[in-house]
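Please look over the sequence and the model below.

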Amino acid sequence: MKYFGIWDRLLFKRLLSTILLFLASFFFLYILVDFASRVSAMEMMRKSPQLLLRYYSAVFIKRLELLLPFALLLGSTRTLQILYRERG
């Protein structure tokens, strides 16, 4: 069994945190725009926060196939940029 070295763990941790940050920010912006455009339709869902949570979790899973490659691209680019700056 091969264990990851310190460098590999640091790289993976930095990459994963950047990817999750981009995913969270993209989806937060999506929720804001979607909620603002459908505020009249969401009036009935205001009574049930669980229904709203279920709706946006289903939308998140549906949009993940579009957002995940983009977040991977931006996250890996940002991680490589940080590593290049730290190098010298």
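The notes below start with the chain as a whole and then move to single residues.

This is a predicted model, in which local features need pLDDT of at least 70 and side-chain atom pairs count only at pLDDT 80 or more, while totals for chains, interfaces and linings use all residues. Residues are numbered from 1 along each chain as its sequence is written, and side-chain values use heavy atoms, leaving out hydrogens and water.

**Overall make-up**

- The protein chain has two helices and zero strands; helices (H or I, at least four residues) and strands (E, at least two) are DSSP runs, numbered from the N terminus.
- Of the 88 residues in the protein chain, 17% count as buried, where buried means under 20% relative accessible area, exposed over 50% and partly exposed in between, with a 1.4 Å probe and protein chains only.
- Among contacts (heavy atoms within 4.5 Å) between residues at least 6 apart in sequence, 69% join residues at least 24 apart.
- The protein chain has an accessible surface of about 7,400 Å², and 70% of that belongs to carbon and sulfur atoms; the areas come from the Shrake-Rupley method with a 1.4 Å probe, and for residues only the protein chains shown count as cover.

**Helix 2**

- Helix 2 has 39 residues, yet its end C-alpha atoms are only 48 Å apart, short of the 57 Å that a straight helix would reach at 1.5 Å a residue; the expected span is 1.5 Å times one less than the number of residues.
- A kink of about 55° in helix 2 is centred on Leu-64, the bend at a residue being the angle between axes fitted to the seven residues ending there and the seven starting there.
- The buried residues of helix 2 include Tyr-56, Val-59, Leu-67, Ala-71 and Gly-75.

**Aromatic rings**

- There are five aromatic pairs in the structure; rings of Phe, Tyr and Trp (its six-membered ring) pair if their centres lie within 6.5 Å, and planes under 30 degrees apart count as stacked, over 60 as edge-to-face and the rest as tilted.
- The pair of Phe-27 and Tyr-30 is stacked, because the ring centres are 6.0 Å apart and the planes lie at 20°.
- Both Phe-27 and Tyr-30 belong to helix 1 (residues 6-37), three residues apart, or about one turn of the helix.
- Phe-27 is buried at 11% relative accessible area, whereas Tyr-30 is partly exposed at 26%.
- Phe-27 also pairs edge-to-face with Phe-60, at 4.7 Å centre to centre and 70° between the planes.
- Phe-27 is in helix 1 and Phe-60 in helix 2 (residues 49-87), so this pair ties together parts 33 residues apart in sequence.
- Phe-60 is partly exposed, with 27% relative accessibility.
- One aromatic cluster is formed by Phe-22, Phe-26 and Phe-70.

**Salt bridge**

- The structure holds one salt bridge, meaning a side-chain nitrogen of Lys or Arg within 4 Å of a carboxyl oxygen of Asp or Glu.
- Glu-86 and Arg-14 form this salt bridge, and their closest N and O atoms are 3.3 Å apart.
- The pair links distant parts of the chain, with Glu-86 in helix 2 and Arg-14 in helix 1, 72 residues apart.
- Glu-86 is exposed, with a relative accessible area of 51%.

**Thr-18**

- Thr-18 lies in helix 1 and is buried, at 10% relative accessible area.
- Leaving aside residues up to four places away in sequence, Thr-18 touches Gly-75, Arg-78 and Thr-79.
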